[in-house]
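Hello,

Please find below the structure we talked about. My notes on it follow directly after.

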Amino acid sequence: MSEFLFVSDDIVRAGRRFRALQSLAAFTIWDLYDPPALLHQASIIVSDVSELSADAVSRLRTLLGRVRPPNGRLVFVLHEDGPRARAYAEVLGATAVVPASDLKTLSVLVERLVVEGGSVPLSAQVHATRARNFLRETFSTGILTPDEVANGTEVVAQAIGASGVYNWIRAVREFDDATHQHILLVAGLAAAFAGTLCFSAIDRHTVVKAALLHDVGKTRVPTAILNKPGKLDAAEMAVMRTHAAEGYSMLASQGFEDAMLRVARSHHEMLDGSGYPDGLRGADIPDLVRLVTVCDIYGALIERRPYRSPVSNVSAFAVLERMAGRIDPDLVRAFKPVVISPIEEGFSAFAI
Ligand SMILES: [Fe+2]
Ligand SMILES: [Fe+2]
């Protein structure tokens with residue numbers, strides 16, 4: 001029984017594509033017009049149907065209904081790139097569409113989906129658990145010392161160096177506590193971003209520490225609001241927003257440097273003055289704050305919550321790009337290689 005399924009309307013024509021995918025994982029090939037009597041579920045399904053007639057789409061829909069689990073991924077190979085084919089892909093719930101001519105992109109995409117569906121490397125799990133334990137021990141009390149935070153910062157920085165940000169994200173997304181998950185995602189992204197920007201060890205430490213501390217004020221927000229499984233109402237949102245000023249005063253009373261205070265207070269400020277708590281504009285917002293804000297917004301989008309699926313990396317980055325004018329566009333451009341691989345740039349235009 002294979003978890004990976006390749007469905008085609010012409011098995012002979014599709015042979016080259018199928019063999020390429022078979023070299024990545026144990027794909028089984030099914031003929032759309034002659035599927036086996038005994039069907040089984042598949043976590044990754046590649047649709048390689050060239051003639052998208054009404055009959056073919058109906059058969060594909062029926063087949064997917066029987067073999068695709070709720071979180072199953074569908075990669076739709078496009079043999080003609082027109083609005084009709086794309087509409088079918090969308091209706092059928094495709095995770096991504098890839099042009100039939102682009103075998104390399106198809107291979108990279110499928111390889112990534114196979115890795116994503118597999119288990120997280122043990123080393124990344126160990127590093128992430130260490131960092132989460134640090135948060136549990138220190139952040140839950142709200143009483144932090146600069147020395148403790150320096151140790152926690154090193155745990156995250158070393159973890160990103162050893163496991164890479166991609167495995168870190170996968171490991172951290174397993175955590176139930178939404179705030180721990182968020183803080184560790186943002187800190188890991190900040191570490192990877194500082195690495196991409198070739199920051200010195202000292203500057204990298206500063207960036208990771210700032211990311212680790214940015215939401216410390218949330219320890220003063222009631223957990224019923226922090227962990228609410230859904231949208232906050234206006235009153236709850238007002239309480240949530242106090243975390244910025246609360247974080248600032250907590251860190252100020254515990255001897256942290258000014259740069260950390262600024263990040264805790266201002267990471268929700270926007271360049272156009274639409275942010276909070278002070279409605280700062282442009283040059284009033286320091287570079288370190290801007291950098292953490294980029295990681296913060298991206299981290300919030302890719303979090304895994306019980307009530308919603310995480311946004312894909314391509315879609316989350318597109319949100320950042322659309323926020324130009326509110327967040328620093330130069331930093332967003334520089335952030336791209338942290339979260340989008342060069343090959344994904346090729347297919348980002350095709351991702352749904
Ligand atoms: Fe925040
Ligand atoms: Fe945050």
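Arginine 16 is exposed, as 8 other C-beta atoms lie within 10 Å. Arginine 16 sits in helix α1; helices (H or I, at least four residues) and strands (E, at least two) are DSSP runs, numbered from the N terminus. Between the C-alpha atoms of arginine 16 and histidine 127, which are 111 residues apart along the chain, the separation is 40 Å.

On provenance: this is a predicted model, in which local features need pLDDT of at least 70 and side-chain atom pairs count only at pLDDT 80 or more, while totals for chains, interfaces and linings use all residues. Residues are numbered from 1 along each chain as its sequence is written, and chains are lettered from A and ligands numbered from 1 in the order in which they are written.

The pLDDT (the predictor's confidence in each residue, from 0 to 100) averages 89 over the protein, and 96% of the residues score at least 70. Confidence is highest in α11, with a mean of 97, and lowest in helix α15 (residues 342-348), with a mean of 53. Over residues 346-352 the pLDDT is below 50, and this stretch has 19 contacts in the model beyond near neighbours in sequence; a contact means C-beta atoms, placed from the backbone, within 7 Å. Where pLDDT is low, the predicted coordinates should not be read in detail.

There are two domains, domain 1 (4-117) and domain 2 (122-348), with bounds from an automatic or database domain assignment. Their centres, taken over C-alpha atoms, are 36 Å apart.

Next, the sheet. Five strands form an open sheet in the order β2-β1-β3-β4-β5, with parallel pairing; two strands pair if DSSP finds at least two bridges between them. At the edges are β2 (27-31) and β5 (96-99), each of which pairs on one side only. On average, neighbouring strands are turned by 20° against each other, direction ignored. Axes are lines fitted to C-alpha atoms, for helices over the stretch in contact, and angles run from 0 to 180 degrees between N-to-C directions.

Strand β1 (residues 4-8) is joined to the parallel strand β3 (residues 44-48) by 5 bridges, and phenylalanine 4 has isoleucine 44 as its bridge partner in β3. Another 5 bridges join β1 to β2, also parallel, where leucine 5 is partnered by threonine 28. From β1 the chain crosses through helix α1 (residues 15-22) to β2 in a right-handed β-α-β crossover, that is, clockwise from the first strand over the helix to the second with the strands pointing away from the viewer. Helix α2 (residues 54-67) lies across β1, β3 and β4 (73-78), at about 170° to β3.

Two backbone details remain. Tyrosine 276 and proline 277 are joined by a cis peptide bond, with omega about 5°, and proline 277 is in the loop between α11 and α12. Cysteine 198, in the loop between α7 (178-196) and α8, has a positive phi near 60° although the residue is not glycine. Cysteine 198 is exposed, with 8 other C-beta atoms within 10 Å.

Regards

Technical notes:
Contact = placed C-beta atoms within 7 Å. Buried ≥ 20, exposed ≤ 12 C-beta atoms within 10 Å, placed from the backbone.
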